[in-house]
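Please look over the structure below with attention to how its parts meet.

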Amino acid sequence: MGQVDVIVLGAGAAGMFAAIEAGRRGRRVLVVDHAKAPGEKIRISGGGRCNFTNTGIAMERFLSRNQRFALSALRRYTAADFIARVDAAGIAWHEKTLGQLFCDGSATQIIAMLQRDMGQAGVELWLGTTLGEVRRAAGGFEVETSRGVVRAASVIVATGGKSIPKMGATGYGYKVAESFGIPVTETRPALVPLTFAEQELEWMRPLAGVSLAAGRVSRGKVGFDEAVLFTHRGLSGPAVLQISSYWREGEAITLDLVPGRDMAAFLAEEKRVAGRAALRTALAKVMPEKLARVVEAQAGAGGPLAEMGRAALEQVAARVRGWELRPVGSEGYRTAEVTLGGVDTDALDGRTMEAKGVPGLYFVGEVVDVTGWLGGYNFQWAWSSGWVAGQVA
Ligand code: FDA
């Protein structure tokens, strides 16, 4: 039977970060993962460049049943701390948009940095190793693995959520929590494209591939000004992925095709100066032409602008600024970037990520009911929560 001080379950962003910190404190650390390589999600993240943090970290940009929970860890290990680490490793980076920081080169640089740091901290890594039951034992825990049972004083569960099962996501961490009587909040796919019923898809499908560089998608008071993309199954693009974390079945979302523009005034002016033109010609000045045609068709307006009354034009303007659409679902965990919900934060100490009722058991990263916006927030949560656990485990 193996014996270590700390066993970390999962060699993703949060697990590797926790392991490095615990190892630096002189703890004997073992990281176990069933994947062939560590940090597979880091490798594919940010289109291969890893959007590793965001300069706009703020409480409102994280979803959790207990919104303040993440604050402590995020304050103790900040975006600036991680940037300093990336700088010290000589990894060049740039801000793309909205505070989102990406590697100039490749996401594999972040993985290489973490692997090097794990090596220097004396962390042992077992890949291709499956995990079984975690149970209490004298002086700590016993963890079943395909390489035998390992005893450890502390267990850090960092096995992530359910998103992208093809990449090894299993929901294993939730089962570990439940086996210790720790509640898990409802989980659902988030940061995921939304899908529509056949009725909508009839007009949406021909738009597949059309994008709005600056649209606005909202649900209630929450809205995101980012790109929107039409797909064969519905809507995607950053603004839609963002709103998917807030949307629930049965609800409508509102699509603004031209945020900030006074569309009624624009159409009235077009009618004045180019009354013989079709509605779609005017609309195509402010949106993709294919979309302009759909708006025109739905308004039932085939003739010249001059023949459209003020009320009709105002109706078109209102539709363009506030198009109510009712998704029927999402593409699910197959494509979701993250899992909403997870290990209930009420059961964890936000300063250390230790389970309140089970000393020595920690949960870090996506497995916890803390989900960030798109844009580097989820990796920052992985670094911060992993870091705080690594200080004490
Ligand atoms: P993570 O999922 O990374 O790691 C969990 C580890 O546990 C994996 O190595 C897995 O193999 C292992 N594991 C799971 N079950 C196991 C079991 N039963 N036995 C053994 N091992 C097991 N975020 C961001 O901030 N910026 C970005 O650019 C992106 N981009 C992005 C793109 C795509 C396509 C996806 C899917 C996701 C993103 N994300 C992102 C989200 C980000 O990847 C995610 O939030 C973090 O990887 C979570 O880190 P964790 O370490 O918690 O879990």
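Between domain 1 and domain 2 of this predicted model there is one salt bridge, a term for a side-chain nitrogen of Lys or Arg within 4 Å of a carboxyl oxygen of Asp or Glu. The salt bridge joins the side chains of Arg188 and Glu249, at 3.0 Å from N to O.

As a predicted model, it is read with local features needing pLDDT of at least 70 and side-chain atom pairs counting only at pLDDT 80 or more, while totals for chains, interfaces and linings use all residues. Residues are numbered from 1 along each chain as its sequence is written, and side-chain values use heavy atoms, with hydrogens and water left out.

**Domains and their interface**

- The protein is divided into domain 1 (3-188 + 340-390) and domain 2 (194-330), with bounds that come from an automatic or database domain assignment.
- Eight residues of domain 1 are in contact (heavy atoms within 4.5 Å) with ten residues of domain 2.
- The area buried between the two domains, meaning the accessible area (1.4 Å probe) that both lose on being put together, summed over both, is about 780 Å², and carbon and sulfur atoms give 55% of this area.
- In domain 1, Arg188, Trp373 and Leu374 lose the most area to domain 2, together 62% of what that side buries.

**The second largest pocket**

- Which domains give residues to the lining of the second largest pocket? Domain 1 and domain 2 both do, so this pocket lies between them.
- Among the residues that line the second largest pocket are Arg65, Glu186, Arg188, Tyr246, Arg248 and Asp369, where lining means having an atom within 4 Å of a point of the pocket, itself an open set on a 1 Å grid over the protein atoms alone, where a 1.4 Å probe fits, with protein on both sides within 12 Å along at least five of seven lines.
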